[in-house]
Amino acid sequence: MMDLSSINPVVLVASLMVAATPILLAAIGELIVEKSGVLNLGVEGMMITGAICGFIIAVESGSPVIGFFAAALGAALLSSIFGFLTLVLLSNQVATGLALTLFGLGLSALMGQGYIGIKAPTTSPLNFGVLGDIPLIGRILFSHDWMVYLSLALIAGTWAFLKFTRAGLVLRAVGESHDAAHALGYKVIRIRLLAIMFGGACAGLGGAYLSLVRVPQWTEGMTAGAGWIALAIVVFASWKPWRVLLGAYLFGGITVLQLNLQAAGATIPVELLSMSPYIITILVLVIISADRRRAALSAPADLGKPFHATS
Amino acid sequence: MIRLEKRPSPSKVWTYATPVLAVVLTMLAGGILFAILGKDPLEAIRTIFWDPLFHPQFSGFSRPQLLVKAGPLILIAIGLSMGFRAGIWNIGAEGQYIVGALAGAAAGLALYPSESVLIFPMMVIAGALGGWAWAMIPAILKVQFRTNEILVSLLLVYVAENLLASASVGWLRNPEGGGFPGSRSLSGWDASSNPELIAGTGMHWGVVAGFIAVIFAYVVMSRHLLGYHIQLAGQAPRAARFAGVNPSRLIIMCLGISGALAGLAGLFEVTGPAGQISIDFNAGYGFTAIIVAFLGRLNPIGILLAGMLMALTYIGGELAQFMLALPAAAIQAFQGMLLFFLLGVDVLSNYRIRIGARETA
Amino acid sequence: MTTLLKLNGLTKAYPGVIANDDVSFEIAPGEVHALLGENGAGKSTLVKMIYGLVKPDSGTMALHGDAFAPSEPRAARAAGVAMVFQHFSLFEALSVAENIALGMENPPKPRELSHQIREVSHTYGLPLDPDRRVGELSAGERQRVEIIRCLLQDPKLLIMDEPTSVLTPQEVEILFTTLRKLSAEGTAILYISHKLEEIRALCDAATILRGGKVVGTCVPKETTAREMAELMVGKVLHQTKSGEHDAGDVVLKMESLSLPSSTPFGTSLQNVSLELRRGEILGIGGVAGNGQDELLAALSGETKVSSDVIKFENREIGQLGPNERREMGLLSAPEERLGHAAAPDMSLTENALLTGVVRQELAAHRFINWAKTKTFAETVIETFDVRTPGPTNAARSLSGGNLQKFVIGREVLQSPEVLVVNQPTWGVDASAAASIRQALMDLASTGAGVIIISQDLDELMEVADRFCALNAGRLSASRPTKDLTVDEVGLMLGGAHDMEVAHVG
């Protein structure tokens, strides 16, 4: 029998924030990458690499914080392979991104050999004192671990960076027209490499959040398409930071809701519920891309194009 | 200081040499990887690339496996390569492979336990149609709404995996299976089985289909206007439009062909080597085929060879797992590495590398 | 000492070509110095060295008597060198103010910058709104963005690379006024062009480049255009003569075509009508970006329109695709050679197939006859004197002029009833340009109708029988070229063609 009363809306909102955090982190990183004109389809591979790097280091050091740092570093290193291949050796971005995902899945499985079935050291919620006791709001806003707040800060920071800083303007300019940026003397390759590594670090944090907080265990292929959904959310967000937040939380809501429905013994088949986040992501992509003019306007003009300075 | 200098025309020599170079580099890097894992690199490389074919004890078993593994890889990669050439990125072949197997199995099992000879051909058609239909989803969404086919086709893999799960525990479950997940045995039922055609070779209908696909793709790509249009659309989309190519039709064609071939691969697998629908029926062929397509330089003959090589790493990997306790994941990382090296050295066919001093002509 | 910039023996070689060979000259403060030369003479490489984008292999530069070797554009800008590019270095999706900030070393706060932009644009008669997106601006306005970007940095030397190629005659006048004012204030200007009359009107001194070498210097105001042209080209020019064409029946007709743009910053065509007769050349002038590409796409069949809008020999063809139109005899050659008219990485044989497949019957039952295709490519190469080792070479290995000869030749040899070409001689060397013009005139004299869309007004005046102007997606009525004056053409291009021109004519 289905028991919908077992689903508490406040807990639902609080847990959707946790469910959305991995995708939010990966998506905001990819947003920066794409704003610089690079399409890195390897988000899934970077996430899973971050998940295992973070897990191993957190287990070995006993500190989740060090684990997260290691995750960011490991995934950023992996992404720099992508950067080297696409920017210096001018390989196809789509193919190289796929290679990054395939390689990341294999590499992480290899690294995680001895870590299956171990529990990660706990990441506790921050203590906000009395704030956490406020009804409704306390549970939703003040009950989370530091990574949730860091991810929100990253959204705000990215927004401010792109809108107000000169470096943000240069980044956008490189993504709009690398030839024009080059003609003005900006270092297109260096800027893009930095963007790619930032994207890698963010994806790594997202992956580590899965293995250290959300699950918190290591299983092979545990990202289960989260990287691809992060890519879809960037499109959904029309490359705008706050809409990445909206997209990720919407997606988190769907995930949590379907899990709750499964737990509540809904009459809908489990498989249908499990596939629903993917189907809804596809539907959202369709709705966004159907608006032709807007889609064309908001995408960085040189997204995915190879850059080779002739002079 | 290293500089790249675009060649006036792509180098013919490097076009053929780069895959070989990539394989050699991967062996070197793989050797280092195996050494880090505490294995003797030379022994590991020999176990993976040599022993499956020539080991006195194991080659008898593993040699036929070469075609068994290469068949689906080649079949899927041929389809993918045509789309990749046109700049149409179907990366959801794994999903089309699953749905093809499901559609074919369902069509056959609906007639169980008939022994009609028409059942297997009908299942083949159903398998191809299943894969085709699954690929039509990203195709139609792209044509109608310009939705990115990369993301849609990939997300549909997860949907297909859930379909597979629900089939093996639900609507295709063997009613006589004592409640265990999995369908009736398709390889054990004469009407639906896809047997080894020549004993000891591993040759089954899927391998035959793979070879036919290679010939078909070769003719289309080198002699037919469709192949010309595919290449034109991939290299210069505006020129393709100018040449009268209808991009929508090309998207439908390319995704349709690759989906149907992936569906066929799934059907031949489920009726032959796999034998039944089960929850973990898909083994990642749809993704490995992407590596095969690139390793074969998107060229049908190249894909034939690349498919064989990649099959060898599968079998060799299993052998190394058994003999050297090399983790299965090592082979996966090894395959990913191969694609990296391939994409990296590809630069040599279109660019000259100049180091240091500039020349004065 | 009255030398601002002194170049001494600058040399720069690329594989297979010496772009600059021992180039030396001087520019004084406030001097407008012309750098004159054909496409490929080495002008662009030279200014890139001055601007720090390219390092010379040998030779030195001195600015105010001090050694000057900018390692990057930033260094050049800091030294007071500013540059307005030939192909704009602008970002369409960004605002005017953002674009300007990107070109400055230490831009002020956004509000302050907007204020400065308004002020400077007002002072120099170049009105500009700092908040507009650059993608929405006309070519002339975009150039203003570049110029103001330079002026805000108070440059000592302003480099202008082919600045007038995208301007209407009226806009050119405004620009010249600005440049003279700057020069009077002491800013030196290095003015790169191959347009001789402009140089005679504006410049104090000229250095002429050919094949990367300085082949002469002169005072333009005291030198005839013909003398400068001969220095530039290195041989005595013989003008092509517009043959008298007997216009025949109407072969192609377009009636009130309105076509919304399909891209964010494209131009919409509005109410475009035209009529083309057999044996005549119709010239369509106008600055690129005013609907030229869209008009060509509608005529070639790449963009489909309502059936009755385009008639070919009284058949409604608006809904037919490119190949169906080719079959009837309506052929075209787009502006962009690499990527549109030809696939860069494909061989010339494969590129011959691109448009030749229908009329040359290069495929049977959709199977390609490669031998026949190769023969066709060889014929094009031979007939049009395309310099290439052979038809197996990739299109991108050809020089601009040779590839354009191939593209035009490919269409002309298919004996079209109507041929539409867009910018047939853009970026092409003088001898190739002359032979392309000759081929088009020869084609018309055989009774085909030819439409030439071009921003080179001299070219249209030379070869076209009738002229009309395309401006902001609207096409003016056509007028015979033989009784048009430059002023009238200017008015037609300015978009004021309805009234003014009507009573002049």
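Predicted model: local features only at pLDDT ≥ 70, side-chain atom pairs only at ≥ 80, totals over all residues.
**Figure 1. Chain A as a whole.** Residues are numbered from 1 along each chain as its sequence is written, while chains are lettered from A and ligands numbered from 1 in the order in which they are written. Along its principal axes, the C-alpha trace of chain A spans about 70 × 45 × 40 Å. Chain A has 13 helices and zero strands (DSSP runs numbered from the N terminus: H or I of at least four residues for helices, E of at least two for strands). Of its 311 residues, 54% count as buried, meaning that 20 or more other C-beta atoms, placed from the backbone, lie within 10 Å of the residue's own; exposed is 12 or fewer, and partly exposed is in between. Take the contacts in chain A with a separation of 6 or more: 79% of them join residues 24 or more positions apart. Here, two residues are in contact if their C-beta atoms, placed from the backbone, lie within 7 Å.

**Figure 2. Helix α1 of chain A and its kink.** Helix α1(A), residues 9–35, bends by about 40 degrees at A:Thr21, shortly before the proline A:Pro22. The bend is the angle between axes fitted to the seven residues ending there and the seven starting there. In α1(A), 21 of the 27 residues are buried, so this helix is largely enclosed by the rest of the structure. After α1(A) comes A:Gly37, with a positive phi near 95 degrees.

**Figure 3. A:Gly114 in its loop.** You'll find A:Gly114 in the loop between α4 and α5 (137–141) of chain A. A:Gly114 is exposed because it has 11 other C-beta atoms within 10 Å. From A:Gly37 it is 77 residues away in sequence and 39 Å away in space, C-alpha to C-alpha.

**Figure 4. Where chain A meets chain B.** This contact takes 40 residues from chain A and 38 from chain B. On the chain A side, α3 (64–88), α4 (93–111), α10 (226–236), α12 (270–290) and α13 (292–298) give two or more residues, and α4(A) gives the most, with twelve. By class, the chain A side has 28 nonpolar, ten polar and two charged residues; Ala, Val, Leu, Ile, Met, Phe, Trp, Tyr, Cys and Pro count as nonpolar, Asp, Glu, Lys and Arg as charged, and the others, Gly among them, as polar.

**Figure 5. The two domains of chain B.** Domain 1 covers 1–37 + 328–361 and domain 2 covers 58–326, with bounds from an automatic or database domain assignment. Their centres, taken over C-alpha atoms, are 29 Å apart. Twelve residues of domain 1 are in contact with eleven of domain 2. On the domain 1 side, α1 (12–36) and α14 (328–345) of chain B give two or more residues, with α14(B) giving the most, eight. That side divides into ten nonpolar, two polar and no charged residues.
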